[in-house]
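Please look over the sequence and the model below before reading on. The paragraphs that follow move from the overall fold to one helix and its surroundings.

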Amino acid sequence: MDDQSPAMRLVHLLRAVTVEFDLLGAEFAARHGLHPTDVRALIRLLDAARTGTRATPGWLGEQLRLNSAGTTALVDRLERLGLVRRSRDTADRRRVLLEVEEKATELGWSFFGPLIGEVVAVSEDFEAGELETVGRFLAAVLESAGRARSV
């Protein structure tokens, strides 16, 4: 493959962005006494809340590729830190739902808010059609990454 092709330049940029976000996530985790998996769990739970997905411990374990014991330890740790709470599903009292506490959201915004603000500001330099194209591209890349992870 031509390492200088437009497609490969995008691959390299995505990899560089991924590394930077990973480093930021690790810094956030270290500052708050978290494990990187804790941060990934909080992100998945926040995304679930945003899309209306009912997040259960089983769902979270699947998302993070953790076994049941690992998921329980993770949720116990996040709950002990006051970042996540367990509640009973009102539709099925046997099911436990996971919700992110306000404390976790506030911690996230205090650390990642400036970056989010910069990304939003950068996006304002692009036309709506360009942003739609970038969004379609990133969604397709995300889907490809999900398929690769399943192999």
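What percentage of the 151 residues of the protein count as buried? The share is 22%, where buried means under 20% relative accessible area, exposed over 50% and partly exposed in between, computed with a 1.4 Å probe on protein chains only. This is a predicted model, in which local features need pLDDT of at least 70 and side-chain atom pairs count only at pLDDT 80 or more, while totals for chains, interfaces and linings use all residues. Residues are numbered from 1 along each chain as its sequence is written, and side-chain values use heavy atoms, with hydrogens and water left out.

The secondary structure comes to six helices and two strands, arranged along the sequence as α-α-α-α-β-β-α-α; helices (H or I, at least four residues) and strands (E, at least two) are DSSP runs numbered from the N terminus. Along the principal axes, the C-alpha atoms fill a box of roughly 50 × 35 × 30 Å. Of the contacts with a separation of 6 or more, 46% are accounted for by residues 24 or more positions apart, a contact being heavy atoms within 4.5 Å.

The buried residues of H2 are Thr37, Asp38, Val39, Ala41, Leu42, Leu45 and Ala48, and what covers them includes helices H1 (6-31), H3, H4 (68-80) and H5 (102-123) together with strands E1 (84-88) and E2 (96-100).

How does H2 pack against H3? Helix H2 (residues 36-51) and helix H3 (residues 57-64) pack at an angle of about 120 degrees with their axes 10 Å apart, axes being lines fitted to C-alpha atoms over the stretch in contact and angles running from 0 to 180 degrees between N-to-C directions. That makes H2 oblique to H3, since angles under 35 degrees count as roughly parallel, over 145 as roughly antiparallel, 65 to 115 as roughly perpendicular and the rest as oblique. The contact is made by Thr37, Arg40, Ala41, Arg44, Leu45 and Ala48 of H2 and by Trp59, Leu60, Gln63 and Leu64 of H3.

Two backbone details remain. Just after H2, Gly52 takes a positive phi of about 80 degrees. Arg65, in the loop between H3 and H4, has a positive phi of about 60 degrees although it is not a glycine, and at 53% relative accessibility Arg65 counts as exposed.
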